[in-house]
There are 2 protein chains.
Amino acid sequence: MDEFSIIQQYFNVVPQRRDDVVFGIGDDAASVRVPSDKELLISTDTLVSNVHFLPEWDAYDIACKAVLVNVSDIAAMAATPCWATLALTLPNVNEDWLASFARGIHDSLAQYEIDLIGGDTTCGPLSMTLTLLGVAPVGKSIRRNGARPGDVILVTGQLGAASLAVSLLKAHNVPKDDKILLMDKLLHPNPRVDFSALLQRFATSAIDISDGLSADLSHICSASRVGATLARDAIPLHPLLPIYLKDKAVDMALTGGDDYELCFTLPPHYLGEFLAIAEQQGLVCYTIGMIDKAPGLRLTYPDGQCVTYEPKGYSHF
Amino acid sequence: MDEFSIIQQYFNVVPQRRDDVVFGIGDDAASVRVPSDKELLISTDTLVSNVHFLPEWDAYDIACKAVLVNVSDIAAMAATPCWATLALTLPNVNEDWLASFARGIHDSLAQYEIDLIGGDTTCGPLSMTLTLLGVAPVGKSIRRNGARPGDVILVTGQLGAASLAVSLLKAHNVPKDDKILLMDKLLHPNPRVDFSALLQRFATSAIDISDGLSADLSHICSASRVGATLARDAIPLHPLLPIYLKDKAVDMALTGGDDYELCFTLPPHYLGEFLAIAEQQGLVCYTIGMIDKAPGLRLTYPDGQCVTYEPKGYSHF
């Protein structure tokens with residue numbers, strides 16, 4: 001089975017959903033139309049075997065993750081994902097693996113109405129690079145560099161479950177239900193594209209939490225040339241964190257990656273309106289702190305103590 | 001040195017050239033504006049160590065190749081390359097290697113006025129996936145599926161040098177000048193974006209010769225549901241081919257990949273005008289055959305003999 005049969009049998013099998021695709025898989029490049037009132041957003045993420053996933057994971061789950069981490073990047077820009085290319089490097093052709101992997105790609109793209117329009121299939125150590133293209137109304141995408149002193153800091157969901165899953169991967173004393181629940185958080189993140197319209201309207205900055213809240217919020221702070229103070233007790237923890245980690249739970253929520261919730265900032269005078277609309281739309285989010293002029297990250301405790309927090313997160317090298 | 005320092009020190013160092021880049025490196029996604037009279041072309045190619053290049057090659061050359069193979073894909077669509085993302089997977093951080101690699105990326109992108117707008121840096125076995133975005137006037141990009149019986153088949157340059165270079169990699173009896181010349185053909189292909197405007201105006205189909213003329217022309221034939229007959233003696237050979245390969249030279253020109261010339265088809269009544277304009281613009285190309293109704297590939301010999309030719313080319317698995 002050669003490259004072209006793999007593409008034909010596993011990837012060029014889903015009818016195009018989007019009428020803005022001029023042509024997709026099968027040429028040297030794909031072609032799409034970008035509406036003139038939209039800007040084009042481009043994100044690329046690579047998953048490497050034994051780094052971002054374990055080769056023994058179900059190929060379906062690996063595929064979902066490759067899609068979802070990119071969808072999360074587009075969500076972090078308050079944009080809408082539209083088209084994807086997949087560059088897949090395989091050590092050999094295992095048709096069962098490929099069938100399952102391709103199903104994961106197609107299912108997770110379908111969930112967000114994204115069309116797979118092209119890619120590359122090569123032979124080598126298992127890895128995949130997905131490039132995702134999205135759109136936002138011109139001037140409405142949200143970057144990391146717009147946070148201003150006084151802005152409130154919010155996150156879109158509870159943190160720490162994905163990294164708790166990683167830390168418990170090899171533990172034997174974890175009840176099966178907990179393990180299933182945590183692995184699902186790790187394998188099937190839920191990128192927050194549901195916040196895009198609200199962020200476009202109100203947010204001054206946004207990022208997705210892939211490397212850990214403290215590391216990712218620090219990216220916002222560096223890009224915006226500001227600092228941040230977080231109320232330690234306001235950081236929303238996944239309910240299993242305190243059970244397994246006791247007093248280290250907040251630390252994992254601050255440093256654990258792979259949650260793929262969004263962290264964003266709002267001018268304080270918009271907070272009420274923002275929360276009211278979010279509630280109407282059934283969107284839960286948590287106010288966790290405030291942007292300051294002073295660089296760096298600080299944590300306040302319920303007793304009023306305020307300590308500097310050195311951001312820690314996943315580092316690739 | 002972590003992912004972010006690598007990006008800052010080596011990749012986020014060239015000022016943006018293009019005013020259609022809204023923002024580039026440094027956010028979860030980059031943003032560009034696509035003019036409303038243009039369609040967007042997207043190509044992705046992965047280079048894997050020991051498959052597409054040898055790890056002992058100069059990092060500068062590996063980087064150039066990663067850019068140029070993608071530029072060639074965009075050239076094959078008769079489009080103009082504009083923006084690139086680079087997903088780089090590195091086994092470790094070697095600053096000399098990275099400096100040289102980054103220089104290769106920036107130099108080769110600059111040559112085509114492409115802006116590097118984003119990417120990903122991960123740890124793992126050496127490989128890289130470049131995604132290149134280009135534009136063409138709406139409806140003017142050229143696909144593989146438009147060849148019609150009677151169309152003439154042309155190529156934009158002499159073939160076989162890159163695969164001759166590969167076959168002589170370990171040979172000891174090759175004069176140094178020949179080896180340098182051939183390695184340059186392999187390492188620094190010359191994607192034919194110079195043909196884009198002419199192809200947009202006249203061509204019915206086009207492809208770049210990455211897997212070998214016979215394999216790539218067969219892709220045009222399959223997509224267009226036609227066949228092709230080539231005049232064996234009209235296939236332009238790199239002058240070193242007959243010297244090293246004697247009567248096997250044409251076979252290497254038909255099956256050898258990595259030349260990155262274009263193969264394209266024209267309605268016969270346009271041939272004269274096409275060649276006249278090409279000559280005015282200093283563009284050399286070669287008429288090598290004709291599209292037929294009958295599927296498959298045939299070779300005609302000077303004595304009138306016509307034989308079926310089974311397409312062969314590089315296969316990844």
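## Aromatic pairs

Across all chains of this predicted model, a search of the whole structure finds twelve aromatic pairs. In one of them, B:F202 and B:F274, the ring centres are 5.8 Å apart and the planes stand at 85°, an angle over 60 degrees, so the pair is edge-to-face. Because B:F202 belongs to helix α6 (residues 196–202) of chain B and B:F274 to helix α10 (residues 271–280) of chain B, this pair ties together parts that are 72 residues apart in sequence. Both B:F202 and B:F274 are buried.

B:F274 also pairs with B:F264: here the centres lie 5.3 Å apart and the planes are at 50°, so the pair is tilted. Since B:F264 sits in strand β10 (residues 262–266) of chain B and B:F274 in helix α10 of chain B, the pair ties together parts that are ten residues apart in sequence. B:F264 is buried, as is B:F274. In chain A, ring pairs join A:F195, A:F202, A:F264, A:Y270 and A:F274 into a cluster.

## The sheet of chain A

Chain A has an open sheet of seven strands with mixed pairing, in the order β8-β10-β7-β11-β9-β12-β13. Its edge strands, each pairing on one side only, are β8 (205–208) and β13 (306–308) of chain A, and the twist from one strand to the next averages 25°.

Within this chain, strands β7 (residues 152–155) and β10 (residues 262–266) pair in the antiparallel sense over four bridges, and A:V155 has A:C263 in β10(A) as its bridge partner.

## Helices on the sheet

Helix α2 (residues 59–76) of chain A packs on the sheet, where it touches β8 and β10 of chain A, and its direction makes about 175° with that of β8(A). Helix α10 (residues 271–280) of chain A lies across β7, β10 and β11 (286–292) of chain A and runs at about 15° to β7(A).

Definitions and conventions: Residues are numbered from 1 along each chain as its sequence is written. Chains are lettered from A and ligands numbered from 1 in the order in which they are written. This is a predicted model: local features need pLDDT of at least 70, side-chain atom pairs count only at pLDDT 80 or more; totals for chains, interfaces and linings use all residues. Side-chain values use heavy atoms; hydrogens and water are left out. Rings of Phe, Tyr and Trp (its six-membered ring) pair if their centres lie within 6.5 Å; planes under 30 degrees apart count as stacked, over 60 as edge-to-face and the rest as tilted. Helices (H or I, at least four residues) and strands (E, at least two) are DSSP runs, numbered from the N terminus. Buried means under 20% relative accessible area, exposed over 50%, partly exposed in between (1.4 Å probe, protein chains only). Two strands pair if DSSP finds at least two bridges between them. Axes are lines fitted to C-alpha atoms, for helices over the stretch in contact, and angles run from 0 to 180 degrees between N-to-C directions. Contact means heavy atoms within 4.5 Å.
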